[in-house]
Amino acid sequence: MFGFSKSQLVGFAVMIALIVVCPFVLYPVFLMRVLCAALFACSFNLMIGYVGLLSFGQAAFFGMGSYISAWTMKHWGIDASIAIILGGLTGGVLGLVLGYLAIRRSGIYFAMITLALAQMVYFFCLEAPFTGGEDGIQQVPRGHLFGVINLSNDMTMYWVVSGVFIAAFLMIHRIIHSPFGQVLKGIRENEPRATSLGYRTDDYKLIAFVLSCTLAGVAGGTKALVFGIATLTDVHYSTSGEVVLTTLLGGLGTVFGPVVGAVVVTAMENYLAQFGAWVTVTQGFIFVVCVLAFRRGIIGEIAAKFRTSL
């Protein structure tokens, strides 16, 4: 149904049920943070899990989407939906420019180029007048959705973020199960053979890169509206590293892996904060245990055990 296998349909139903039930049990702002992180991880997984492109610069697209959405909301007072779309377009345009420069390389060379280009974006944000420098863009209003729905209420904002996440999730699922997605998988498995079959692999990789960056920009723009701030942390290399760990922890190349990884990582950051400076040590220990115990990631191991696709 809708391209889902039976196991994926069950997983999707469970995910929807949790999205509906959780805000009545847990803090909605925490859940919105999880959904934004999950969308960011899903966008990254589209590139690394199905094309094999490891980027160390995803924070550039996430952060610029956050900055543009925050700035337009604060200074132009536009509709929230337009602000999120502008964040996504910013990520896509930036991805097209940087991807055009980097996509001709592969492996560690591609990763290093994306890291270098992302650092250029970071220093641009540090010095550009509209970003607020080290202070960032603060007190960003949530505004209204479609000019009618007031997003100042956390529960209302939660349902909007949930809608954005589900729409993006379904879009990614459709992409990876389309003929285009099958070509991407072929490029991941054996690029020379895909080339010999007549596919212009660089073009396919660039399109996948731009799609991934666009969704990363949507995640950044949504995050800026939720928390009312866009800072240098959004474009810092540590954010790129975090999304890599999130995707690996959940399961590389799985549909639901990035979502589970985002839940685990965000929960650790939230509930281990009481340990202060030891929080990073604790996180590192947990990551090591997960890597040793779940070589394919949490969802990857579950899927392998039950011999199904998740």
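Leaving aside its neighbours within four places in sequence, Gln58 is in contact with Phe40, Phe44, Met47, Phe209, Ser212, Cys213, Ala216, Ser240 and Val243. The model in which these contacts occur is a predicted one, and within this model Gln58 has its place in helix H3, which covers residues 58-75. The relative accessibility of Gln58 is 0%, and because buried means under 20% relative accessible area, this residue counts as buried.

The backbone at Gln139 has a phi near 55 degrees, which is a positive value in a residue other than glycine.

In soluble globular proteins, nonpolar side chains tend to be buried together. In the predicted model, the largest nonpolar core has 81 residues, and those with the most contacts inside this core are Met15, Phe165 and Phe169. The helix that gives the most to this core is H2 (residues 28-48), with 16 residues. When its neighbours within four places in sequence are left aside, Met15 is in contact with Phe165, Phe169, Phe256 and Val259.

The axes of helix H4 (residues 80-102) and helix H5 (residues 107-127) come within 10 Å and cross at roughly 140 degrees, which makes H4 oblique to H5. The crossing of these two helices is right-handed. On the side of H4 the contact is made by Leu94, Leu98, Leu101 and Ala102, while H5 contributes Phe110, Ile113, Thr114, Leu117 and Val121. Of the residues in this contact between H4 and H5, eight are nonpolar, one is polar and none is charged.

For the other pair, the axes of helix H10 (residues 237-250) and helix H11 (residues 257-271) come within 7 Å and cross at roughly 120 degrees, and the two helices are therefore oblique to each other. H10 passes H11 in a crossing that is right-handed. In this contact Glu242, Thr246, Thr247, Leu249 and Gly250 of H10 meet Gly257, Pro258, Gly261, Ala262, Val264, Val265 and Glu269 of H11. The residues that form the contact of H10 with H11 divide into five that are nonpolar, five that are polar and two that are charged.

Conventions. Residues numbered from 1 in each chain as written. Predicted model: local features only at pLDDT ≥ 70, side-chain atom pairs only at ≥ 80, totals over all residues. Heavy atoms only, no water. Axes fitted to C-alpha atoms, helices over the stretch in contact; angles between N-to-C directions. Helix = DSSP H or I, 4+ residues; strand = E, 2+ residues; numbered from the N terminus. Parallel < 35°, antiparallel > 145°, perpendicular 65-115°, else oblique. Left-handed = near helix turned anticlockwise from the far one by under 90°. Contact = heavy atoms within 4.5 Å. Nonpolar A, V, L, I, M, F, W, Y, C, P; charged D, E, K, R; others polar. Core = buried A, V, L, I, M, F, W, Y, C linked by side-chain atoms within 4.5 Å. Buried < 20%, exposed > 50% of the residue type's maximum accessible area, 1.4 Å probe, protein only.
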